[in-house]
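Please look over the structure below with its charged side chains in mind. My notes follow as numbered points.

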Amino acid sequence: GLDVVDRGADTPPASFLETARAHDDVLAVAIGVGSDDSIESARDTARLLHDELLTLRVFIGGPAITDERTARELGADEYGATALDVAVRCNELADR
């Protein structure tokens with residue numbers, strides 16, 4: 001199974017990084033973007049995570065992200081339209 005840490009809404013990029021570093025076996029971080037106001041923060045978070053944790057997979061999704069192209073433009077490795085999509089894909093990655 002997967003362990004999930006929910007950081008809540010309006011989480012600063014540094015908090016994502018701090019949480020990921022606090023867990024030894026982090027496979028991925030999912031960034032949910034609830035509104036257009038959060039898009040730049042999602043981009044900043046993905047950039048920081050990629051710069052600091054090179055093997056980490058970053059998912060971006062949520063109501064404000066409607067397709068994979070947009071998620072990838074923001075720096076995502078993966079797109080998750082829903083939390084279930086992210087969980088299914090993480091299980092696939094963990095089984096590798």
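1. The structure contains 8 salt bridges, a salt bridge being a side-chain nitrogen of Lys or Arg within 4 Å of a carboxyl oxygen of Asp or Glu. This is a predicted model, in which local features need pLDDT of at least 70, side-chain atom pairs count only at pLDDT 80 or more, and totals for chains, interfaces and linings use all residues. Residues are numbered from 1 along each chain as its sequence is written, and side-chain values use heavy atoms, with hydrogens and water left out.

2. Glutamate 52 and arginine 21 form a salt bridge, with the closest N and O atoms 2.6 Å apart. Glutamate 52 belongs to helix H2 (residues 39-52) and arginine 21 to helix H1 (residues 13-21), so the pair ties together parts 31 residues apart in sequence. Helices here are DSSP runs (H or I, at least four residues), numbered from the N terminus.

3. Glutamate 52 is partly exposed at 39% relative accessibility, and arginine 21 is partly exposed at 46%. Partly exposed lies between buried (under 20% relative accessible area) and exposed (over 50%), using a 1.4 Å probe and protein chains only.

4. In helix H3 (residues 68-73), glutamate 73 and arginine 69 are 4 residues apart, about one helical turn. Their salt bridge has its closest N and O atoms 2.7 Å apart. Arginine 69 is exposed, at 52% relative accessible area.

5. Arg57, Glu78, Arg89 and Glu92 are linked in a network of salt bridges. Within it, arginine 89 pairs with glutamate 92 at 3.2 Å between the closest N and O atoms. These two sit 3 residues apart in helix H4 (residues 83-94).
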